[in-house]
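Please review the briefing below alongside the sequence and coordinates. The points are grouped by topic.

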Amino acid sequence: MKTQKVFLTVILAIVAAFWIAPVIWMVSLALTPNEILKTISTSMIPIAPTLKNFAGVMSVGLTSRWFLNSIIVTGLTTIFTLIFHSMAGYAFAKISFWGKKVVFPAVIAGLMVPKEAMFIPLFLLFAQLDAHNTYAALILPRVAIPLGVFLMTQFIRAIPNEIEEAVQIDGASRWRTFWQIIMPMSVPAFTSLGIFTFILTWNDYLWPLVSATKKEMFTITTGLASLQGNFAQATELGSLMARGVIAGAPLMILFIIFQKNLIRGISLSSGTK
Amino acid sequence: MKSRSDTLSGWLFLAPFLVVYLIFLIYPVFQAAYMSLFDWDLLAMWNRSMVGFRNYVEMFTSDRVFWVSLGNTLKFVVYSTPLIIFIGLLLAVLINHQGSGFFRALFFSPYIFSVAVVTLMWGFLLNPQQGLIAVFLGWFGVEPIAWLTNPKLALPAIVVTTLWWTMGFNMVLFLAGLQDISPSLYEAASIDGTNSIQKFFHITIPGLRRTMLLVAVLQVIASFQIFGQVYIMTRGGPAGTTRVLIQYIYESGFRDYRLGYASAMSVLLFLLMFIVSYFQFKLSPEED
């Protein structure tokens, strides 16, 4: 059994080395001076390592602006998503109100709407309001996630009613109960939903491409994409890779911290355990 | 139990979500259906003329680019789905046996990158002059290959890029599925003297049937929406061999200024995906 496990570990380690190679290569190129990359660009270890590429792209050009745009859009989208979805989840889980039996299935049916397919009418909506190239246009269409309501409802339903009733006897309103009892107890659910929203928003490509057409309003994702391919202006390889590392860094850090929550979240939302 | 004040507070708590949900998720579906019946010019947005179902007729009968784009989208589904299931399952089984969280995290990690970061890495990996893949194949005496400008190889190259990017998500679903198979089944089989390969085919595979279906459905949904990696890496080229449906919708709307026609294709994509999503819905955890 022991030898079998060692054998398995070796096999996985070899495959893993190939699997992670593109990331290591990107980081290595980002740390190599542009002049060296003109002659050799296939080293997995940076030659004459330097942070000059990072300093360069953050101080000159729009990369730092794009990064800031992404932070603002992703941050606000995540905050709004968490508040709106936990409020809706609380209503569905704990309040018995007229119309609930109709609204809940109607919201869950929204799971079947592919949001990527509907960017043309959304574009028109914001064009008629003259609201493209604003943060609101980048944020608002991304805040409603039916799956998020489903997850929050499930989670809040599992909070015992007794806790809630105890404070309501003291005369606390629904609103206070929500903020002081439900919100603090929902932190585990927030973590999963929050990370997902953050990743999806940070990486969103099609909608920001359609809505934010001014260079100053690009996100780091659409900005980085605009520098690639035959149609983009030639950029120095090291600087380009440094932008890639900058675009990926927040999510890499988030992943290292919340890796377990993220993976558990995927397992849960798939319905398996 | 339904007091008037409960009904009021219920709706008030629901209101913020419901407003964004209705305006930005539901209304666009109906708006797209409406727009698809018009000749609607992007540059003269308030000026439009009703054309009935003419957009749909044009799409189905006389637009070759539409059929090619739909075909490429379906090709992408057909190439990528079995690959993702096979490799995701294989790695999940190996990692499950090996038992360390390190490999699980490592193979999952590409999933967190944005499409632009992934295409940045792979665009250069595949580059015939500067890329690692050319160097690697060179060790075996293979001449550098221009993957992304070869009409036969561009789509497979994008499939491989996507596989690397999203495989980890599916692997995690398989890992979760494996945990759900009762260990007593394997123990019972061991007592009967069954070997590992027989166990794999008689216990593991049937036990993962639901997960496989889920992965397949999710992959079909994702493939229908494929856009970023194609648009950034090849712009749909060479010669339209990688143009996909979303890209053609995008071009019809913003290059040809035909919002009505683009909406008609959106409606079709919506219907196609609605059918597939319905199966996903059926596979989702039941509300109890």
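**Chain folds and their contacts**

Among contacts in chain A between residues at least 6 apart in sequence, 73% join residues at least 24 apart; two residues are in contact if their C-beta atoms, placed from the backbone, lie within 7 Å. This is a predicted model, in which local features need pLDDT of at least 70, side-chain atom pairs count only at pLDDT 80 or more, and totals for chains, interfaces and linings use all residues. Residues are numbered from 1 along each chain as its sequence is written, while chains are lettered from A and ligands numbered from 1 in the order in which they are written.

**Chain A overall**

- Chain A contains 14 helices and zero strands, where helices (H or I, at least four residues) and strands (E, at least two) are DSSP runs, numbered from the N terminus.
- The radius of gyration of chain A is 23 Å, well over the 19 Å that the globule rule gives for 273 residues, so chain A is more spread out than a compact globule.
- That radius is taken over C-alpha atoms, and the globule rule is 2.2 Å times the number of residues to the power 0.38.
- Along the principal axes, the C-alpha atoms of chain A fill a box of roughly 75 × 65 × 35 Å.
- Of the 273 residues in chain A, 44% count as buried; a residue is buried if 20 or more other C-beta atoms lie within 10 Å of its own, exposed if 12 or fewer, and partly exposed in between, with C-beta atoms placed from the backbone.

**Chain B overall**

- Chain B has 13 helices and two strands.
- For chain B the radius of gyration is 24 Å, well over the 19 Å that the globule rule gives for 288 residues, so chain B is more spread out than a compact globule.
- The box filled by the C-alpha atoms of chain B is roughly 75 × 75 × 30 Å, taken along the principal axes.
- In chain B, 43% of the 288 residues count as buried.
- Of the contacts in chain B with a separation of 6 or more, 71% are between residues 24 or more positions apart.

**Interface between the chains**

- Chain B supplies 80 residues to the contact and chain A supplies 72 residues.
- On the side of chain B that touches chain A, α1(B) gives the most, with 19 residues.
- By class, that side of chain B has 54 nonpolar, 21 polar and five charged residues; Ala, Val, Leu, Ile, Met, Phe, Trp, Tyr, Cys and Pro count as nonpolar, Asp, Glu, Lys and Arg as charged, and the others, Gly among them, as polar.

**Helix α4(A) against α1(B)**

- Helix α4 (residues 63–94) of chain A packs with helix α1 (residues 4–35) of chain B at an angle of about 135 degrees, with their axes 8 Å apart.
- This angle makes α4(A) oblique to α1(B).
- Axes are lines fitted to C-alpha atoms, for helices over the stretch in contact, and angles run from 0 to 180 degrees between N-to-C directions.
- Angles under 35 degrees count as roughly parallel, over 145 as roughly antiparallel, 65 to 115 as roughly perpendicular and the rest as oblique.
- Residues of α4(A) that meet α1(B) include A:F84, A:M87 and A:Y90, and those of α1(B) include B:F13, B:L14 and B:F17.
- This contact of α4(A) with α1(B) has 10 nonpolar, two polar and no charged residues.

**Helix α4(A) against α8(A)**

- The axes of α4(A) and helix α8 (residues 146–157) of chain A come within 8 Å and cross at roughly 55 degrees.
- The two helices α4(A) and α8(A) are therefore oblique to each other.
- The contact of α4(A) with α8(A) divides into eight nonpolar, six polar and two charged residues.

**Individual residues**

- A:N53 lies in helix α3 (residues 52–59) of chain A and is buried, with 25 other C-beta atoms within 10 Å.
- Leaving aside residues up to four places away in sequence, A:N53 touches A:A30, A:N34, A:G238, A:S239 and A:A242.
- B:A239, which is not a glycine, has a positive phi of about 55 degrees.
- B:A239 sits in the loop between α11 (228–233) and α12 (245–254) of chain B, and is exposed, with 11 other C-beta atoms within 10 Å.
- B:Y257, also not a glycine, has a positive phi near 60 degrees.
- B:Y257 is found in the loop between α12 and α13 (259–283) of chain B, and counts as partly exposed, with 15 C-beta neighbours inside 10 Å.
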